[in-house]
Amino acid sequence: MTGLPYPEISPIAFSLGIIDIRWYSLAYLAGIVAAWFLVLKNNKKYNLGYSSQQIEDLAFYITLGIILGGRIGYAIFYGGAEMWLKPWRLLELWKGGMSFHGGIVGVIVAAYLFARKYKFQFLAITDLVALYAPIGIFLGRIANFINDELWGRVTDVPWAVRFPNGGYLPRHPSQLYEACFEGVILFIILNCLWRISKVRSNSGIVSALFVILYATFRILMEQFRQPDAQLGFLIGGLTMGQLLSLPFIIAGVVVLNRKLRKN
């Protein structure tokens, strides 16, 4: 049989009594903590003017935005009727089920409320968040691989993986593709641009490029990913992930165009 064997990594990192701590939960936690630490470091390095307490509050706001936006977005776009018939399932975070597009909307709302509370420039806050969001994306996709979920379409490429939940058929390890492009490459691009003083001083460029590049990478990577079983292919053979990414590209282009025209 072609394809590499799935490594059979347990989705449970460790247990505390009757409570199982899963890699999926740890991925989100590690992403938030890493981003918090790097924002503190960035604030000091470039003298951005935020206090440690304000950055701590920002981490709290963004965490709520990720969780609420991600879960509500999942329920709306992917959960189906069962999610609405059993709304308590929204609280079952340990079982996975997060919409990144919903998470982005949740983070935008959280950043707006934070900026309004402290009277900061909204796009300056979203720039900081966008810089380190790829860390969480990378870790989240690795956790998807460990969970044996969101695998790719059947293929005969030499690096195909035989996922147990995918019927042991050789499939694209699309989770790893997304971890590379939406995580590592996106992080490198944005943080290299951030080193340019004109980019840092022109709030909104990093945010716009984040949504444009993320959505573009997501559309491309969805070509290798198996569509969600409950949805399948939608309009024009596109997946839900591709359809949801299109408005983000448009919004990002509008913001970037306004910023570049202004300067």
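Let me begin with one aromatic cluster, which is formed by Tyr50, Phe60, Tyr61, Phe114, Tyr118 and Phe120. This is a predicted model, in which local features need pLDDT of at least 70 and side-chain atom pairs count only at pLDDT 80 or more, while totals for chains, interfaces and linings use all residues. Residues are numbered from 1 along each chain as its sequence is written, and side-chain values use heavy atoms, with hydrogens and water left out.

Rings of Phe, Tyr and Trp (its six-membered ring) pair if their centres lie within 6.5 Å, and planes under 30 degrees apart count as stacked, over 60 as edge-to-face and the rest as tilted. By this rule the count comes to 17 aromatic pairs. Tyrosine 50 and phenylalanine 120 have ring centres 4.9 Å apart and planes at 85 degrees, so this pair is edge-to-face. Tyrosine 50 sits in the loop between α1 (23-45) and α2 (52-85), and phenylalanine 120 in the loop between α3 (100-118) and α4 (122-146), 70 residues apart; here helices (H or I, at least four residues) and strands (E, at least two) are DSSP runs, numbered from the N terminus.

How exposed are the two partners? Tyrosine 50 counts as buried at 15% relative accessibility, whereas phenylalanine 120, at 22%, is partly exposed, where buried means under 20% relative accessible area, exposed over 50%, and partly exposed in between (1.4 Å probe, protein chains only).

A further edge-to-face pair joins phenylalanine 145 and phenylalanine 163, with centres 5.6 Å apart and planes at 80 degrees. Phenylalanine 145 lies in helix α4 and phenylalanine 163 in the loop between β4 (161-162) and β5 (170-171), so the pair ties together parts 18 residues apart in sequence. Both phenylalanine 145 and phenylalanine 163 are buried.
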